[in-house]
Amino acid sequence: MAKGSFADLIGSEKPTVVDFSAEWCGPCKMMAPILEDLKSKIGDTARIIKIDIDKNPQAAAAYHVQSVPTLIVFKNGNPVWRQSGVVPTEYLKRVIDQHL
């Protein structure tokens with residue numbers, strides 16, 4: 001995860017994709033290459049961070065994450081989109097483009 005507090009990271013004007021995941025989660029492992037592909041397509045227009053719910057239970061609880069993977073896009077500290085499960089690269093790119 002990037003340096004700084006979680007609030008600082010999601011408080012940006014730039015959209016921030018937060019991937020709530022866990023080491024033991026099979027679908028979460030499927031999201032890793034999708035998010036790498038997304039990063040190569042969006043460059044610096046948005047930030048992508050990964051939160052391990054087992055290591056950061058307070059962050060997961062704060063956003064009522066019930067299952068993993070759960071992706072939440074934040075802008076200016078507010079959640080603007082959320083979905084659980086594996087999400088394709090192009091769909092995520094369209095979501096980010098809507099919030100630029």
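Biologist: Which residue in strand 4 is the bridge partner of Leu 71?

Modeller: Gln 83 in strand 4 is the bridge partner of Leu 71. This is a predicted model, in which local features need pLDDT of at least 70 and side-chain atom pairs count only at pLDDT 80 or more, while totals for chains, interfaces and linings use all residues. Residues are numbered from 1 along each chain as its sequence is written, and side-chain values use heavy atoms, with hydrogens and water left out.

Biologist: How do you know that strand 3 and strand 4 are paired?

Modeller: Two strands pair if DSSP finds at least two bridges between them, and 6 bridges join strand 3 to strand 4, so the two strands meet the definition of a pair. They run antiparallel. Strands themselves are DSSP runs of E with at least two residues, helices are runs of H or I with at least four, and both are numbered from the N terminus.

Biologist: Why are strand 2 and strand 4 said to stand at the edges?

Modeller: The open sheet has 4 strands in the order 2-1-3-4, with mixed pairing. Strand 2 and strand 4 (78-84) each have a single partner strand, so one side of each is left without a neighbour in the sheet. From one strand to the next, the twist averages 20°.

Biologist: Which helices pack on the sheet?

Modeller: Helix 2 (residues 26-42) touches strand 1, strand 2 and strand 3, and its direction makes about 160° with that of strand 2. Helix 4 (residues 89-98) touches strand 1, strand 3 and strand 4, at about 165° to the direction of strand 4. These angles run from 0 to 180 degrees between N-to-C directions, with axes fitted to C-alpha atoms, for helices over the stretch in contact.

Biologist: Why is the pair of Phe 6 and Phe 20 called edge-to-face?

Modeller: Rings of Phe, Tyr and Trp (its six-membered ring) pair if their centres lie within 6.5 Å, with planes under 30 degrees apart counted as stacked, over 60 as edge-to-face and the rest as tilted. By this rule there are 5 aromatic pairs. For Phe 6 and Phe 20 the centres are 6.5 Å apart and the planes make 65°, a value over 60, so the pair is edge-to-face. Phe 6 lies in helix 1 (residues 6-10) and Phe 20 in strand 1 (residues 16-21), so this pair ties together parts that are 14 residues apart in sequence. Ring pairs also link Phe 6 and Phe 20 with Tyr 63 and Phe 74 into a cluster.

Biologist: What makes Phe 6 and Phe 20 count as buried?

Modeller: Buried means under 20% relative accessible area, exposed over 50%, and partly exposed in between (1.4 Å probe, protein chains only). Phe 6 has 18% and Phe 20 has 0%, so both fall under the 20% limit.

Biologist: Which residues touch the most other members of the largest nonpolar core?

Modeller: They are Phe 6, Val 18, Phe 20, Ile 53 and Val 68, in a core of 17 residues. A nonpolar core is a set of buried Ala, Val, Leu, Ile, Met, Phe, Trp, Tyr and Cys residues joined through side-chain atoms within 4.5 Å. Helix 1 gives the most to this core, with 3 residues.

Biologist: Why is the chain called as compact as a globular protein of its length?

Modeller: Its 4 helices and 4 strands run α-β-α-β-α-β-β-α from the N terminus on. The radius of gyration, taken over C-alpha atoms, is 12 Å, close to the 13 Å that the globule rule (2.2 Å times the number of residues to the power 0.38) gives for 100 residues, so the chain is as compact as a globular protein of that length.

Key
Contact = heavy atoms within 4.5 Å.
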